[in-house]
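Reader: Hi! Could you walk me through this one while I have it open on screen?
Author: Happy to, let's take a look together.

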Amino acid sequence: MEEIIQKEVRGNVAVLTMNYRPYNLSGPTLSGALMASLNDAVEQGQRAVLLRSGLRHFSAGADVDLFDERIEREGRARLDPIEVLSAFETLPIPIVVAVHGVCLGGGLELALACDYIVAAQSAKIGSVEVALGLHPLMGGIQRQVQRIGMARAKEMAMLGRRYDAATLERWGLINLVVADEELEPAALAIAQELANGPTVAHAATKRLARVAANEGIEAADRAMFETQKPIWASQDLKEGLKSFRANGPGLAIFEGK
């Protein structure tokens, strides 16, 4: 059997390629494999992750064959969506996701849990669960509200349309749109740039941004001191200051420690 997640290391970047045929349908099988692969990347010392698809599409959404069971369980999933989202959002290294083809439903929700979304120009992206009598089940609504505001988030969830990548870049849902043939090199370049940065500071940025998004600015202000403590003890800060004083800004070589 083919691996659900194919792993490759490019410098300090773990490239994770979803290969869950036929359409990378989201559910406990794919999510569990992704969570394990993310943890492996950290344990093996990689300093960023690039998540991509090796199939025709990024993800066609959820595996609807699981929904009869969820109806019987009053909506409870075999794998708690909060556990999945937390694995992405609390990972201490950045996650870049490269989206091509269709990215729908649960596939979009996985992408929204990443730190930086790069999409191919031809990609079609949307929250389409309304066609089944559902709405986004894995945090999509609230993360769309964070990124694009309540009105647009409700539009996406309630109309269930597929949007072109340029529109969603303009709204602020995704970070960058590139020509189809540039997707892989562009996404890898961003992942490598993040991997070569001060990893300890990146981890603190992720933590503080999550507090701000979930608990508000005041809570983030209160959390700053403890969150920033590891930065002050990091080798990267010492190297950054040393390089700045000797050579000016932007020339430090960080080791992620």
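**A chat about loops and helix pairs**

Author: Let's start with Arg56, which sits in the loop between β3 and α2 (67–72). Keep in mind that this is a predicted model.

Reader: Is Arg56 buried or exposed?

Author: Arg56 counts as exposed, because its relative accessibility is 71% and the cut-off for exposed is over 50%.

Reader: OK, and what does Arg56 touch?

Author: Leaving out residues up to four places away in sequence, Arg56 touches His100 and Gly101.

Reader: How far is the C-alpha atom of Arg56 from that of Asn19?

Author: Those two C-alpha atoms are separated by 9.9 Å, while Arg56 and Asn19 are 37 residues apart along the chain.

Reader: Let's stay with loops. Which residues does the cis peptide bond join?

Author: Arg21 and Pro22, with omega at about 10°. Pro22 belongs to the loop between β2 (13–18) and α1 (28–43).

Reader: What about Asn24, where is that one found?

Author: Asn24 is also in the loop between β2 and α1. Its phi is near 50°, a positive value in a residue other than glycine.

Reader: Buried or exposed, that Asn24?

Author: Buried: Asn24 has 0% relative accessibility, and the limit for buried is under 20%.

Reader: And Gln46, where does that sit?

Author: Gln46 is in the loop between α1 and β3 (48–53). Gln46 counts as buried because its relative accessibility is 10%.

Reader: Which residues does Gln46 touch?

Author: Not counting residues up to four places away in sequence, Gln46 touches Val9, Asn12, Val13, Ala14, Ala41 and Ile93.

Reader: Nice. Switching to helices: at what angle do α1 and α3 pack?

Author: At about 30°, with their axes 10 Å apart. The limit for roughly parallel is under 35 degrees, so α1 is roughly parallel to α3. The crossing of α1 past α3 is left-handed.

Reader: Which residues meet there, in α1 and α3?

Author: From α1 there are Ser31, Leu34, Met35 and Leu38, and they meet Glu83, Val84, Ala87 and Phe88 in α3. By class, the contact of α1 with α3 has six nonpolar residues, one polar and one charged.

Reader: While we're on α3, what's up with Glu89, buried or exposed?

Author: Glu89 lies in α3, which covers residues 81–89. At 16% relative accessibility, Glu89 counts as buried.

Reader: A buried Glu! Which side chain does it join in a polar contact?

Author: That of Arg143: a polar contact of 2.7 Å joins the side chains of Glu89 and Arg143. Residues up to four places away in sequence aside, Glu89 touches Ala113, Arg143, Lys206 and Arg210.

Reader: Next pair. How do α5 and α6 cross?

Author: The axes of α5 (residues 140–148) and α6 (residues 150–159) come within 7 Å and cross at roughly 140°. That makes α5 oblique to α6, since the limit for roughly antiparallel is over 145. The crossing of α5 and α6 is right-handed.

Reader: Which residues make that contact?

Author: On the α5 side, Ile141, Gln144, Val145 and Ile148; on the α6 side, Met150, Arg152, Ala153, Met156 and Ala157. The contact of α5 with α6 divides into seven nonpolar residues, one polar and one charged.

Reader: And which residues of α6 are buried?

Author: Ala153, Glu155, Met156 and Ala157 are the buried residues of α6. They pack against α4 (106–112), β7 (124–126), α5, β8 (163–164) and α7 (165–171).

Reader: What follows α6?

Author: Gly160, whose phi is positive, near 65°.

Reader: Last one: how do α9 and α10 pack?

Author: α9 (residues 199–215) and α10 (residues 217–232) pack at an angle of about 165°, with their axes 9 Å apart. They are therefore roughly antiparallel to each other. α9 passes α10 in a right-handed crossing.

Reader: Which residues are in that contact?

Author: Among them are Val200, Ala204, Leu208 and Val211 of α9, and Ile217, Ala220, Met224 and Ile231 of α10. By class, the contact of α9 with α10 has 13 nonpolar, two polar and two charged residues.

Reader: Great, thanks for the tour!

Notes:
Residues are numbered from 1 along each chain as its sequence is written. This is a predicted model: local features need pLDDT of at least 70, side-chain atom pairs count only at pLDDT 80 or more; totals for chains, interfaces and linings use all residues. Side-chain values use heavy atoms; hydrogens and water are left out. Axes are lines fitted to C-alpha atoms, for helices over the stretch in contact, and angles run from 0 to 180 degrees between N-to-C directions. Helices (H or I, at least four residues) and strands (E, at least two) are DSSP runs, numbered from the N terminus. Angles under 35 degrees count as roughly parallel, over 145 as roughly antiparallel, 65 to 115 as roughly perpendicular and the rest as oblique. A crossing is left-handed if the near helix is turned anticlockwise from the far one by less than a right angle, and right-handed if clockwise. Contact means heavy atoms within 4.5 Å. Ala, Val, Leu, Ile, Met, Phe, Trp, Tyr, Cys and Pro count as nonpolar, Asp, Glu, Lys and Arg as charged, and the others, Gly among them, as polar. Buried means under 20% relative accessible area, exposed over 50%, partly exposed in between (1.4 Å probe, protein chains only). A polar contact is a pair of N or O atoms within 3.5 Å; within protein, one must be able to donate a hydrogen and the other to accept it, and residues adjacent in sequence count only if both atoms are side-chain atoms.
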